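Colleague: I am new to this structure and would like to go through it with you step by step. Could we begin with the charges and then turn to the fold?

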Amino acid sequence: MTKLSPEIGKKIKDRKTIGRVWLKQVKAKCPKVKFISHYGVLGPYDFVDIFEAPDAETAAKVSMISLANGAASAESWVAIPYKRVVELAEEI
């Protein structure tokens, strides 16, 4: 979940170039990240990226790259497949 800073948000016409620079950095620094979807949204966040990462630290690094490139905030949410959530609940 990414919210752009006001300065970057004003550069909407440069969005394509800025996005490519960001993606190039992510691919170079987090080569094991597999992108599933990328959405622009209207609301408290500007972008939603759905991706698979080998671990939480790699996912956090993706958010850190966003912050380094002008995001006002960037969050990585760990998602657990529903079947596994049910299995974990059964262990309690």
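Colleague: How many Å apart are the mean positions of the positive and negative charges of the chain?

Modeller: Please keep in mind that this is a predicted model. The chain carries 15 positive and 11 negative charges, with Lys and Arg counted as positive and Asp and Glu as negative.

Colleague: In what order do the helices and strands of the chain run from the N terminus on?

Modeller: The chain holds four helices and four strands. Read from the N terminus on, these elements follow the order β-α-α-β-β-α-β-α.

Colleague: Which residue in β3 is the bridge partner of Gly 40?

Modeller: Strand β2 covers residues 34-40 and strand β3 covers residues 47-52, and the two run antiparallel, joined by six bridges. Together β2 and β3 make a hairpin, with six residues lying between them. Gly 40 belongs to β2, and its bridge partner in β3 is Phe 47.

Colleague: What percentage of the 92 residues of the chain counts as buried?

Modeller: A residue counts as buried when its relative accessible area is under 20%. Applied to the 92 residues of the chain, that cut-off gives a buried share of 26%.

Technical notes. Residues numbered from 1 in each chain as written. Predicted model: local features only at pLDDT ≥ 70, side-chain atom pairs only at ≥ 80, totals over all residues. Heavy atoms only, no water. Buried < 20%, exposed > 50% of the residue type's maximum accessible area, 1.4 Å probe, protein only. Charge placed at Lys NZ, Arg CZ, Asp CG, Glu CD. Pairing = 2+ DSSP bridges.
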